[in-house]
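Reader: I would like to learn how to read pockets in a structure. Please show me the model.

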Amino acid sequence: MPRHPDLLIERLSQPAAAALIAASGTAVVATGSVEQHGGHLPLGTDAFAAASIAERVAARLGTVVASLGPVGVAPYHLPWPGSLSLRPDTLAAVLVDVCGGLRGAGARRIVVVNWHEGNSPTLRLAADEAQRRHGVQVVIAEAHVITHTLYPEEMEFTHAGSMETAAVLAYDASLVHLENATEPSGRAGADAAHGRFRRPDVYPVLRDFHQIAATGWYGQPERATPARAEEIAEAVADHVVTRAREIWATLGEM
């Protein structure tokens, strides 16, 4: 099953979108980031990756995708001109308002498909507010984490490496230009530095991505292929839907 841009809510007529939301009682929300990914991937890598998975999830659930917009919370990438960032309260407000509109159309369940670590804390707080204010049940799917977890060796948890290259290939292969790749930072040092900020127990707060990779990126993008990228995107979408349905079955309706 390929991408489904026809399920983006802005591409649908009002009656068509309303019918899908009402019939499924569900809606999908996509959120990513606009940030530097070297010379071989677009600034919108995270936004495109989230959209690719979100469309596939929506197709499986028979509903629509509403994007929060391409920009996320990424202040630590701003030293690279062209990167953009929202304040956390801005992203939170957008999610809460979008959930309100989707609830008004009949969505009781919201699946947020995220592909950006910097968004995660904000999304959790905003989801709590949306649930309390609008009476929806929000499930957050960290699509980048799922991708790495399903394929830990093949889909490296780097920045602009094989995993994110595959994610863009599954969205639009014409956006990947390996021939324009700039110099990567050393893998071992960047892995260690990134790991410090990703620790679950005691960790620093990332201020500038130079603290991880002096060149802005690291990894092996050449390992990704279009055919394999499509297979992986499909598997990630399957995983999101399976887990979401398990959660709904366990928690029941709000």
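Reader: Which helices each supply at least two residues of the lining of the largest pocket?

Author: Rolling a probe the size of a water molecule over the atoms shows where empty space is left. Here a pocket is an open set of points on a 1 Å grid over the protein atoms alone, where a 1.4 Å probe fits, with protein on both sides within 12 Å along at least five of seven lines; lining residues have an atom within 4 Å of a point. Helices H4 (120–134), H5 (143–150), H6 (162–172) and H7 (187–198) each supply at least two residues of the lining of the largest pocket. Helices (H or I, at least four residues) and strands (E, at least two) are DSSP runs, numbered from the N terminus. H4 has the largest share, 4 residues.

Author: This is a predicted model: local features need pLDDT of at least 70, side-chain atom pairs count only at pLDDT 80 or more, and totals for chains, interfaces and linings use all residues. Residues are numbered from 1 along each chain as its sequence is written, and side-chain values use heavy atoms, with hydrogens and water left out.

Reader: Which residues lie nearest the centre of the largest pocket?

Author: Of its 34 lining residues, Tyr76, Glu117, Gly118, Pro121 and Phe197 do. The volume of this pocket is about 940 Å³.

Reader: What gives the most to the lining of the second largest pocket?

Author: H2 does, with 5 residues. Helix H2 spans 45–61, and strands E1 (26–31) and E2 (65–67) also each supply at least two residues. The second largest pocket has a volume of about 180 Å³.

Conventions:
Points joined across faces, edges and corners; volume = space filled by probe spheres on them.
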